[in-house]
Amino acid sequence: MLGLSDLAPTLEGMSDTRLHREAPGPAALNDAIRTLWVRAGEEQRPLTADEQRIYQVLVAAWTEAVQVEQELAA
């Protein structure tokens, strides 16, 4: 069984950019939100409890991404 110490050599060789993933932009997050609603709409049902939680996370991430984009543009 592998332990954390077994992974250390692998992690040491990775650059910071490979460990860091950029957050999705507003457009990608908007697409994810739209997809969530379209799927529920096609099935003619409200969002499930899990989908509502996902929606809330996506909207919060979208709001933050828009704010960051606006700050960078200023």
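This is a predicted model: local features need pLDDT of at least 70, side-chain atom pairs count only at pLDDT 80 or more; totals for chains, interfaces and linings use all residues.
Residues are numbered from 1 along each chain as its sequence is written, and side-chain values use heavy atoms, with hydrogens and water left out.

The protein chain contains four helices and zero strands, where helices (H or I, at least four residues) and strands (E, at least two) are DSSP runs numbered from the N terminus. Along the sequence, the pattern is accordingly written α-α-α-α. Of the 74 residues in the chain, 12% are buried, a class that stands for under 20% relative accessible area, with exposed set at over 50% and partly exposed in between (1.4 Å probe, protein chains only). The chain exposes about 6300 Å², of which carbon and sulfur atoms supply 57%, the areas coming from the Shrake-Rupley method with a 1.4 Å probe, and for residues only the protein chains shown count as cover.

The largest nonpolar core is made up of seven residues, namely L29, I33, L36, A40, L47, L58 and A65; such a core is a set of buried Ala, Val, Leu, Ile, Met, Phe, Trp, Tyr and Cys residues joined through side-chain atoms within 4.5 Å. Helix 3 (26-42) and helix 4 each supply at least two residues of this core, and helix 3 gives the most, with four residues. In soluble globular proteins, nonpolar side chains tend to be buried together.

The largest pocket has a volume of about 200 Å³. On a 1 Å grid over the protein atoms alone, a pocket is an open set of points where a 1.4 Å probe fits, with protein on both sides within 12 Å along at least five of seven lines, and lining residues have an atom within 4 Å of a point; grid points are joined across faces, edges and corners, and the volume is the space filled by probe spheres set on the points. The lining consists of A23, P24, G25, L29, A61, E64, A65, V68, E69 and L72, and helix 4 gives the most to it, with six residues. By class, seven of the lining residues are nonpolar, one is polar and two are charged, with Ala, Val, Leu, Ile, Met, Phe, Trp, Tyr, Cys and Pro counted as nonpolar, Asp, Glu, Lys and Arg as charged, and the others, Gly among them, as polar.

Helix 4 (residues 49-73) also holds A60, which is partly exposed at a relative accessible area of 45%; the C-alpha atoms of A60 and L29, 31 residues apart along the chain, are separated by 9.8 Å. E51, likewise in helix 4, is buried because its relative accessible area is 9%. When residues up to four places away in sequence are not counted, E51 touches L36, R45 and P46. Q44, placed in the loop between helix 3 and helix 4, counts as exposed at 75% relative accessibility, and its phi is near 50 degrees, a positive value in a residue other than glycine.

Key:
Contact means heavy atoms within 4.5 Å.
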